[in-house]
Amino acid sequence: MLEQQFGMTVDTRTCVGCAACVIACKTENRLAEGYVRNWITTQTRGRFPELVMTIRSERCNHCRSAACVRACPTGASHYAAGGTVQVTGSKCTGCKACMAACPYDARYVDEQSGTVDKCTFCNHRTSRGMATTACQEVCPTRSIVFGDLNDPDSEISHLLAQRDWYTLKPDAGTRPSHYFLK
Amino acid sequence: MEATSTRANPLVDPGLTIWNQDVAIYLFLGGIVAGVMILSGAMRLWYKQEEPSLALRLLPWGNLALISIGMFCLFLDLENRFNSWRFYLVFKAYSPMSWGAWVLLLVYPVSAHMAWAETPAHWRETVLRKVPLLRPWGEWSVRARRNFAALSIVSGSVLGIYTGILLGAMPSRPFWNSSLLGPLFLVSGVSTGAAFMLLFRLNQGERRFLGFLDFLLILAELGIIALWIIGMAAGGEASLQALKLIFGGPYTAAFWSLVIALGLVTPAIAEFIEYKHRAIPGRGAALLVLGGGFALRWIMVYAGQHSGWASEASAGLF
């Protein structure tokens, strides 16, 4: 088992889809105009007037069996400390095999560098010992929780133990580290 | 169920469009090269009916040109071309693209040796007289001609299968995710290779042999396509959604008309009639096969990117 396994939960009961997380990520990581590393998905199901809406803040799922890492021919996409999935820009050829392999379409090509980019779980923060991501920090409803899944005392472990949750596209077999609380 | 997303990343939304005509052309040319490598190697080893024609002997040179154009297309598709050398610093066993990069490195020297060894002796001698430094290699290459022919069959087969596995090994794209794509692209590659060879001035025996062989290859290709469709039809929700791309979806007309009707069935009928009446195969059927082979790869590349895992069906929301 890895020493740390970072993960994230988004509480779909309290997320209002304000997109503060999206703006915080764009600002923190100085993303080019028109590109995002996280986004809001709204799902409406049921038959009128009995409709149910689910709002989720989504991003790279930092899968523990990541299809993108397997597809990458140069090792640019790799597992990093904390079990996260990262991209080393200096090794990326922009072949886009990782983008084709990702079932969540969470990656994009950064037009400035020509390399593939995506959510890093704020690797630049966690590598310096910070415990929060930019999106978590600004969430006004405290829907986003980031932490170590391998630490039984972490808030994220408690939430996953107490609440019902799901991951996206579990049939894809990628074992995401990103959970959505029901 | 209705889903909306605020994400609008270029090349990703509303549908994935990361690979375009550059990749389709590369896969098509890679298939032809694989086919010509296999067929020219096999004909050197086992085709004893008559002296090989000049065109057949010079075709491996064409291979070098075609694979270079294909590689250039692949290079154009890279978003960060300055890092393309990174392909050759590591070998990633789980990455089909890594396999492809290294296989291409094998294809070049094998094709070059084949091309040289098959070049008529007096032309080779003219070159060696002008560049005597090449003589030891040039003479060794000709002595090892049969070994290179065998190597040509092996490396051509790996190249042909790889072009299919590159797409087939993507579990996130149900339209591609089939182990049959490797054999399909290999058989289609050999078929388009045979068709490409038939465009040149081969002698009558060679034309008859390649024409009938192409007929058999088309039958095999139709069989593999049927199995691939059955595989998707017998799959889960994601596979069924993917199948709709060619059954009522946006690629239906192109797939059934360009690939199946014009690219496979029509040339198969023409080649069978030519075989039955002992006629010498012409270039019409060959051109249709080449058009169909290109359409197959074009549709595969584009349609596959439109397939994915249905989020609502597999999100565990219910």
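Contact here means heavy atoms within 4.5 Å. The model is predicted, so to speak, by rule: local features need pLDDT of at least 70, side-chain atom pairs count only at pLDDT 80 or more, and totals for chains, interfaces and linings use all residues. Residues are numbered from 1 along each chain as its sequence is written, chains are lettered from A in the order in which they are written, and side-chain values use heavy atoms, leaving out hydrogens and water.Turning to chain A, four strands form an open sheet in the order β8-β1-β10-β9, with mixed pairing (strands are DSSP runs of E, at least two residues, and helices are runs of H or I, at least four, numbered from the N terminus; two strands pair if DSSP finds at least two bridges between them). At the edges sit β8 (144–148) and β9, each pairing on one side only. Strand β10 (residues 178–181) of chain A runs parallel to β1 (residues 6–11), joined by four bridges, and V10(A) has F180(A) as its bridge partner. Helix α6 (residues 155–162) of chain A lies across β1, β8, β9 and β10, at about 110° to β8(A) (axes are lines fitted to C-alpha atoms, for helices over the stretch in contact, and angles run from 0 to 180 degrees between N-to-C directions).

Over in chain B, the axes of α1 (residues 21–46) and α2 (residues 54–77) come within 8 Å and cross at roughly 155°, which makes α1(B) roughly antiparallel to α2(B) (over 145 degrees). Their contact residues divide into 19 nonpolar, three polar and two charged.

Note on methods
Angles under 35 degrees count as roughly parallel, over 145 as roughly antiparallel, 65 to 115 as roughly perpendicular and the rest as oblique. Ala, Val, Leu, Ile, Met, Phe, Trp, Tyr, Cys and Pro count as nonpolar, Asp, Glu, Lys and Arg as charged, and the others, Gly among them, as polar. Buried means under 20% relative accessible area, exposed over 50%, partly exposed in between (1.4 Å probe, protein chains only).
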